[in-house]
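Please read them beside the coordinates.

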Amino acid sequence: MKNYNEIYEYTQKVLGIIEKAEVTQEEAKWITEETVNGFRDNVNAGFLDYRKSVTKGGQYASVEWKDAGLNCFIDVNGKEYIDCLGGFGIYNVGHSNPKVVKAVKDQMNRQPLHSQDLLDPLRAMLAKTLAMLTPGDLKYSFFGNSGTEAVEAALKMAKIYHSEEGRSTFIATTRAFHGKSLGSLSGTAKGVFRKPFMPLVNGFRHVAFGDIDMMQKTMHACQLVGEDVAAVIVEPIQGEGGVIIPPDDYLAKLRQLCDDYGALLIFDEVQTGMGRTGKMFCAEHYGVTPDIITLAKAFGGGVMPASATVATEKVFEKLFDNPFLHTTTFGGNPLACAAALATINVLIEENLPQRAAEMGEYMLNGLREAAAEHGDKVLEVRGKGLLIGIEFVSDEIGYEVAKGFFDNGILTAGTLINAKTIRIEPPLTIEKEQCEKVFATFSKVLKEVNKSVLV
């Protein structure tokens with residue numbers, strides 16, 4: 001028999017904690033203990049080994065508590081961190097951007113969710129905004145809650161577009177990351193994520209990212225054996241793969257190949273979109289329009305989970321006859337749409353894509369200068385806009401530097417596909433003084449890296 005009184009009292013205590021902007025030292029200790037114990041006993045104990053904020057034995061953990069301005073957050077014990085991870089790319093307009101928060105609160109006060117049966121206005125208005133904003137003739141939008149959902153929708157759109165021909169072959173690239181649900185995982189490249197769930201969705205092939213000759217040969221071979229390609233899915237710049245930038249002409253040639261072979265081109269801009277690389281969409285750097293583009297992460301303004309799959313009319317119209325072929329209960333909900341509309345408004349009002357280009361150049365130069373005397377540790381500092389990767393000579397050095405950053409109040413992290421590379425992906429609102437602290441800390445940490453990891 002469940003003890004509902006005990007459950008009620010516990011949740012009542014937690015709700016009381018939620019109300020507080022500041023907590024006492026005793027409350028902070030209780031929150032930390034509950035967090036560590038809850039992860040160990042009820043969430044996933046493996047995270048306690050992974051999180052750099054948790055000491056061996058779980059004796060101490062830095063528990064995230066509240067935002068501090070647009071570019072920082074504070075842990076439950078009051079320590080402030082400059083956020084150079086940016087929630088893996090969700091905080092393009094900063095932490096708790098006032099205009100985004102206000103839009104969500106205003107919508108929440110009126111109606112948090114919709115009935116699912118009547119037409120909901122913000123979905124229509126957001127879709128129109130995206131049709132005006134996205135490159136070329138992209139026009140119709142499907143809304144979800146996460147990047148992997150956006151990719152799943154894109155793959156299904158490509159399949160139904162080619163349903164009469166029966167095309168079901170997809171080409172992705174090595175080092176790609178497209179998500180971890182079953183369809184998107186089939187496009188993701190890292191074996192450690194794929195092997196436990198094989199067999200995945202049939203028909204996926206992977207070729208080297210940036211190698212247009214290999215792509216052409218693969219598409220030609222697929223045509224010869226009667227397995228014509230339905231779509232090529234690619235990140236314009238690979239984020240999780242280690243911030244890998246393609247040759248300048250790669251995406252334009254890929255567009256032409258897809259046209260030549262009758263395949264759709266899907267750009268996964270879950271991480272590169274919404275101003276991150278110095279343009280509203282990374283595709284704009286290369287003058288290429290895909291048939292489908294996927295958005296998430298920063299799309300919800302760092303306030304709401306939100307994603308979009310935007311396609312041309314010729315692709316999307318296959319869903320007109322039966323709009324229920326692909327749906328989701330919470331995708332396109334009023335709160336998420338309000339957040340996305342406000343995010344787009346802020347990006348334009350504050351010219352944040354251009355700011356990302358300028359601050360990205362400043363950040364690249366400062367990081368490269370700090371690394372200049374450490375060629376035995378740092379292989380390369382590269383990036384576009386404020387999507388920057390620092391590649392080290394080994395995984396161990398990368399981990400040491402990320403930990404050193406953290407200990408000095410700067411949050412960074414390695415990438416999921418390439419552990420030798422740590423990511424610098426701050427809010428597009430980051431200030432020069434904060435960048436200067438990052439440079440000084442990077443220089444300090446590089447000098448202190450344990451010589452035992454230099455192999």
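1. A crossing is called left-handed if the near helix is turned anticlockwise from the far one by less than a right angle, and right-handed if clockwise. The model is predicted, so that local features need pLDDT of at least 70 and side-chain atom pairs count only at pLDDT 80 or more, while totals for chains, interfaces and linings use all residues. Residues are numbered from 1 along each chain as its sequence is written, and side-chain values use heavy atoms, with hydrogens and water left out.

2. Helix α16 (residues 395-407) packs on helix α17 (residues 432-448) at an angle of about 130 degrees, with the axes 9 Å apart; axes are lines fitted to C-alpha atoms, for helices over the stretch in contact, and angles run from 0 to 180 degrees between N-to-C directions. This makes α16 oblique to α17, given that angles under 35 degrees count as roughly parallel, over 145 as roughly antiparallel, 65 to 115 as roughly perpendicular and the rest as oblique. The crossing of α16 over α17 is right-handed. Helices (H or I, at least four residues) and strands (E, at least two) are DSSP runs, numbered from the N terminus.

3. On the α16 side, Glu400, Val401, Gly404 and Phe405 meet Val438, Thr441, Phe442, Val445 and Leu446 of α17, where contact means heavy atoms within 4.5 Å. By class, this contact of α16 with α17 has six nonpolar, two polar and one charged residues; Ala, Val, Leu, Ile, Met, Phe, Trp, Tyr, Cys and Pro count as nonpolar, Asp, Glu, Lys and Arg as charged, and the others, Gly among them, as polar.

4. The axes of helix α5 (residues 98-110) and helix α14 (residues 334-349) come within 8 Å and cross at roughly 150 degrees, which makes α5 roughly antiparallel to α14. Their crossing is right-handed, and the contact of α5 with α14 has 10 nonpolar, three polar and two charged residues.

5. Aromatic rings of Phe, Tyr and Trp (its six-membered ring) pair if their centres lie within 6.5 Å, with planes under 30 degrees apart counted as stacked, over 60 as edge-to-face and the rest as tilted; by this rule the count comes to 13 aromatic pairs. Phe73 and Tyr81 form a stacked pair, 5.3 Å centre to centre with 15 degrees between the planes. Phe73 is buried at 6% relative accessibility and Tyr81 is buried at 2%, where buried means under 20% relative accessible area, exposed over 50% and partly exposed in between (1.4 Å probe, protein chains only). Phe73, Tyr81 and Phe406 form one aromatic cluster.

6. Tyr140 and Phe316 form a stacked pair, 5.5 Å centre to centre with 20 degrees between the planes. Tyr140 lies in strand β4 (residues 138-144) and Phe316 in helix α13 (residues 313-316), so the pair ties together parts that are 176 residues apart in sequence. Tyr140 is partly exposed at 26% relative accessibility, whereas Phe316 is buried at 11%.

7. Some backbone geometry deserves a check. Most residues other than glycine have a negative phi, and most peptide bonds are trans. The peptide bond from Met198 to Pro199 is cis, with omega near 0 degrees, and Pro199 lies in the loop between α9 (191-194) and β6 (204-207). Phe88, although not a glycine, has a positive phi of about 55 degrees and is partly exposed at 30%. Met274, likewise not a glycine, has a positive phi of about 60 degrees and is buried at 1%.
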